Amino acid sequence: MRISDVLKSKGAGVLTVAPDATLGTLLGCLVTRNVGALVVVDAGRPVGIVSERDVVRHLHARGAGLLDLTVADIMSTHVVTCAPGDSVDALSALMTTHRVRHVPVVDDGALAGIVSIGDVVKTRMSELEQQQEHLENYIAQG
């Protein structure tokens with residue numbers, strides 16, 4: 001299965017935030033939208049990603065003063081991305097190697113979606129259920 005198939009199933013909408021947004025804005029969006037990360041976009045291009053982990057790490061290092069910072073101050077600028085044509089298996093390996101839970105999908109430099117580890121697990125579970133059903137049908141016919 002390809003990443004484009006996952007996006008067709010879940011939708012290609014991506015929650016984004018500007019680099020100059022306040023951490024209050026970021027936290028509000030994470031909570032109200034019940035997501036673990038936002039892609040940081042500047043002039044229509046992904047320039048970073050900011051996750052709950054980033055917030056916690058910086059809170060530990062900086063304390064309550066963290067709330068005076070902007071998204072650009074805490075975002076990860078090394079963004080691991082994938083393409084719509086990549087396989088879900090390759091994405092799973094990429095997530096494991098880089099220890100990330102959210103991977104923006106980029107197509108010709110433009111943000112085309114985002115895939116989370118939950119999306120990968122859901123896709124894999126669906127594939128396993130389909131395989132089991134096929135095997136059960138095969139055995140029942142035999």
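How do the residues of the lining of the second largest pocket divide into nonpolar, polar and charged? The points below take up this question after the overall fold.

1. Basis. This is a predicted model, in which local features need pLDDT of at least 70 and side-chain atom pairs count only at pLDDT 80 or more, while totals for chains, interfaces and linings use all residues. Residues are numbered from 1 along each chain as its sequence is written, and side-chain values use heavy atoms, with hydrogens and water left out.

2. Fold. The protein has six helices and five strands, where helices (H or I, at least four residues) and strands (E, at least two) are DSSP runs numbered from the N terminus. Their order along the sequence is α-β-α-β-β-α-α-α-β-β-α, and the C-alpha trace spans about 70 × 30 × 30 Å along its principal axes.

3. Largest pocket. Its volume is about 380 Å³; a pocket here is an open set of points on a 1 Å grid over the protein atoms alone, where a 1.4 Å probe fits, with protein on both sides within 12 Å along at least five of seven lines, and lining residues have an atom within 4 Å of a point. The lining has 20 residues, and Ser 51, Arg 53, Arg 99, Val 100 and Arg 101 lie nearest the centre. Strand E3 (45-51), helix H3 (52-62) and strand E4 (102-107) each supply at least two lining residues, with the largest share, four residues, coming from H3.

4. Second largest pocket. This pocket holds about 220 Å³ of space, and of its 13 lining residues Lys 10, Leu 15, Val 35, Ala 37 and Ile 114 are the closest to its centre. The lining divides into six nonpolar, six polar and one charged, whereas that of the largest pocket has eight nonpolar, six polar and six charged residues.

5. Helix packing. Helix H5 (residues 88-98) and helix H6 (residues 117-141) pack at an angle of about 140°, with their axes 11 Å apart.

Key:
Grid points are joined across faces, edges and corners, and a volume is the space filled by probe spheres set on the points. Ala, Val, Leu, Ile, Met, Phe, Trp, Tyr, Cys and Pro count as nonpolar, Asp, Glu, Lys and Arg as charged, and the others, Gly among them, as polar. Axes are lines fitted to C-alpha atoms, for helices over the stretch in contact, and angles run from 0 to 180 degrees between N-to-C directions.
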